[in-house]
Amino acid sequence: MKKATHQATKEHNTTLVLKTIYHDDQISRADIARTTSLTRTTVSEIVTELIGTGLVKETGIAPSTIGKPAIYVDFDAHARQLICVDLSGDEFQGALVNLKGDVLLRHALPVEGRKGEAALQLAHRLVEGLWAEATVPVLGIGIGTPGPVDTEKGIIRQAVNLGWTNLDLRESLGGRYNVPIHIANDSHVAALAECAYGGHGRTPSLVLIKVGEGIGSGIVLNGNLHTGDGFSAGEVGHLCVVCEGRPCRCGNLGCLETVASTPSVLQLLKEQAQRDPAAPLGRAQASRGLSLDLLREGSDGGDSQARGLVRDLGTHLGVVAASLAGVLNVHKIILSGMPSLFGEPLLEAMRAEIRARILPEQAMETQVCFSSIGSDIVIQGACALVLRKELNLP
């Protein structure tokens with residue numbers, strides 16, 4: 001028991017030192033000891049071990065003071081690379097990423113309707129191509145995928161668009177690559193990316209709503225990803241927001257995906273243009289075709305129909321955001337993907353709906369904003385997933 005306790009203490013102290021070095025550009029052993037409240041001897045031993053692994057390097061001598069000058073150490077972001085994969089779009093995208101989340105190289109393969117075994121082999125091709133490009137040891141493989149994922153076993157329970165049910169992706173890949181493989185829902189890892197790289201400081205809790213072909217959310221509570229009892233937490237795309245609304249692919253009516261996903265918004269835009277072809281929106285659609293840019297330009301230009309569609313989109317997203325804020329008491333809700341095209345008018349519609357649905361004090365505390373990460377959010381989330389699992393970073 002004493003040995004186990006000693007080992008746990010050593011692992012805790014090593015993580016503490018590594019995190020301290022990770023968050024400082026250059027730091028001396030003495031400053032690490034002061035920051036962590038560990039003894040200088042303990043810090044020196046741990047730093048020596050970390051230098052041995054290559055994760056930490058000595059970078060120079062501090063400006064001279066009385067006595068022996070201190071030597072700075074720093075985290076070596078290029079000591080390892082990660083293979084990070086996004087299986088959530090119409091392209092399978094992957095990247096080699098360093099330990100600070102910087103993308104070094106990208107590959108993408110179009111899905112082109114592949115399902116089942118064909119889609120699985122495409123994912124294998126993507127990982128294989130990235131593996132061949134790695135120039136230093138690979139720390140691990142991180143994957144964001146549609147659908148509920150048993151993150152403990154690496155099993156994709158169901159990804160409808162890819163025709164996968166109970167797919168053991170970790171085992172499928174594990175026979176080829178002798179590195180840790182971590183797999184999670186794409187919206188869940190996107191929330192991890194927002195925590196790690198979104199510029200929110202030490203925000204302990206947040207919700208990210210990811211909108212595209214489908215809609216999902218990732219929930220981080222007190223620094224930890226919340227996946228739920230069945231790994232399906234955050235499936236907000238199938239919450240009903242319109243009573244007796246349009247049929248959803250899940251079999252219910254009026255789900256958020258029927259009015260706020262990218263295909264649904266395009267369909268609503270088309271129907272609006274067809275109802276009033278002589279209006280500016282109808283004329284623009286007839287001459288230029290259907291696009292989200294058309295809707296954005298119309299809304300920015302003051303067209304009442306376009307603004308109405310954007311307001312409705314914000315209202316529907318606000319219904320779900322209010323539920324999340326009311327139940328979880330999370331103060332920061334972030335949107336990623338398609339809604340960011342529509343800027344402040346969409347956010348204002350969301351805020352109005354939040355104010356109308358929850359306690360005034362909760363509504364005042366709830367911040368709604370757009371993600372600043374962009375299209376790499378799942379790639380960087382897969383990176384954050386591996387770093388958390390393997391190094392307890394960032």
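Lysine 100 lies over the face of tyrosine 22, 3.8 Å from the ring centre; a charge counts as over a ring if NZ of Lys or CZ of Arg is within 6 Å of the ring centre and within 35 degrees of the ring normal. This is a predicted model, in which local features need pLDDT of at least 70 and side-chain atom pairs count only at pLDDT 80 or more, while totals for chains, interfaces and linings use all residues. Residues are numbered from 1 along each chain as its sequence is written, and side-chain values use heavy atoms, with hydrogens and water left out.

The whole structure holds 2 aromatic pairs, where rings of Phe, Tyr and Trp (its six-membered ring) pair if their centres lie within 6.5 Å, and planes under 30 degrees apart count as stacked, over 60 as edge-to-face and the rest as tilted. Tyrosine 22 pairs edge-to-face with phenylalanine 75, at 4.9 Å centre to centre and 75° between the planes. This pair links distant parts of the chain, 53 residues apart: tyrosine 22 is in helix H1 (residues 2-22) and phenylalanine 75 in strand E3 (residues 71-75). Helices (H or I, at least four residues) and strands (E, at least two) are DSSP runs, numbered from the N terminus. Both tyrosine 22 and phenylalanine 75 are buried; buried means under 20% relative accessible area, exposed over 50%, and partly exposed in between (1.4 Å probe, protein chains only).

Tryptophan 131 and tyrosine 177 form a tilted pair, because their ring planes stand at 45°, with the centres 4.9 Å apart. Here too the pair links distant parts of the chain, 46 residues apart, with tryptophan 131 in helix H4 (residues 116-133) and tyrosine 177 in the loop between helix H5 (169-174) and strand E11 (181-185). Tryptophan 131 is partly exposed at 33% relative accessibility, whereas tyrosine 177 is buried at 6%.

The search for disulfides, pairs of cysteine sulfur atoms within 2.5 Å, finds 0 in the whole structure. Cysteine 250 has its nearest cysteine sulfur, that of cysteine 255, 3.7 Å away. Cysteine 383 is buried at 0% relative accessibility, and cysteine 250 is partly exposed at 38%.

Lysine 332 belongs to strand E15 (residues 332-337). Although buried, lysine 332 has no salt bridge, and the nearest side chain of opposite charge, glutamate 194, is 7.9 Å away. A salt bridge is a side-chain nitrogen of Lys or Arg within 4 Å of a carboxyl oxygen of Asp or Glu; Lys and Arg count as positive and Asp and Glu as negative, while His and the chain ends are not counted. The side chain of lysine 332 does make a polar contact with that of histidine 200, at 3.3 Å. A polar contact is a pair of N or O atoms within 3.5 Å; within protein, one must be able to donate a hydrogen and the other to accept it, and residues adjacent in sequence count only if both atoms are side-chain atoms.

Threonine 35, in helix H2 (residues 29-36), is exposed at 54% relative accessible area. Its side chain reaches the backbone oxygen of aspartate 31 at 2.8 Å.

Most residues other than glycine have a negative phi. Glutamate 244, not a glycine, has a positive phi of about 55°. Glutamate 244 sits in the loop between strand E14 (224-226) and helix H7 (257-260) and is exposed at 70% relative accessibility. Asparagine 329 also has a positive phi, near 55°. Asparagine 329 lies in the loop between helix H11 (304-328) and E15, and is partly exposed at 43% relative accessible area.
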